[in-house]
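This report describes one protein model for a reader who is new to structures. Please look at the sequence and the model below before reading on.

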Amino acid sequence: MPETMSATQALAMLPLPEFHTLSQDQTRGITCAFDGVGLSPATAVSLGERSLRRVGGRVSWFPRACRRCALEQAMNALVAHSQTCEQCVDDSNLCPTGSGLVRAVREARR
Ligand SMILES: [Zn+2]
Ligand SMILES: [Zn+2]
């Protein structure tokens, strides 16, 4: 466990829809990985580098999301995490995952 987690690292942890359910534009980060909305540099939130197990090795892909979906997903992850994390009940600033997800929510909201 790292001591701290950046918004970028937390966003790269968010669960995504199954790869095979996504369109080619979604897997290339051209549209939102969650709802397929077209993205522009101003609205896109990077979800980090993801890797996919394929026959013959791993393939990297770089999904992106619109701000609305990124915010929703980060909020969901934060709520789900804080319900099961004793450290967060105590003080979420001391929890790398909890504070990382708070940063991710802020990043998506900008
Ligand atoms: Zn979206
Ligand atoms: Zn926590």
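In helix 5, the buried residues are Thr-97, Gly-98, Gly-100, Leu-101, Val-102, Ala-104, Val-105 and Ala-108. A residue is called buried if 20 or more other C-beta atoms lie within 10 Å of its own, exposed if 12 or fewer do, and partly exposed in between, with C-beta atoms placed from the backbone. Helices (H or I, at least four residues) and strands (E, at least two) are DSSP runs, numbered from the N terminus.

The model is predicted: local features need pLDDT of at least 70 and side-chain atom pairs count only at pLDDT 80 or more, while totals for chains, interfaces and linings use all residues. Residues are numbered from 1 along each chain as its sequence is written, and chains are lettered from A and ligands numbered from 1 in the order in which they are written.

| Element | Residues |
|---|---|
| Helix 1 | 7–11 |
| Strand 1 | 44–46 |
| Helix 3 | 67–84 |
| Helix 4 | 86–91 |

Helix 3 and helix 5 pack with their axes 8 Å apart and at an angle of about 160°. Axes are lines fitted to C-alpha atoms, for helices over the stretch in contact, and angles run from 0 to 180 degrees between N-to-C directions. Helix 3 is therefore roughly antiparallel to helix 5, a label for angles over 145 degrees. Residues of helix 3 in this contact include Ala-70, Leu-71 and Ala-74, and those of helix 5 include Leu-101 and Val-105. Two residues are in contact if their C-beta atoms, placed from the backbone, lie within 7 Å.

Leu-47 is in the loop between strand 1 and strand 2. Leu-47 counts as buried because 25 C-beta neighbours are inside 10 Å. Leaving out residues up to four places away in sequence, Leu-47 touches several residues, among them Leu-11, Ala-33 and Arg-64. The C-alpha atoms of Leu-47 and Arg-64 are separated by 5.2 Å, although the two are 17 residues apart along the chain.

As a whole, the protein has five helices and four strands. Buried residues make up 30% of its 110 residues.

Key
Angles under 35 degrees count as roughly parallel, over 145 as roughly antiparallel, 65 to 115 as roughly perpendicular and the rest as oblique.
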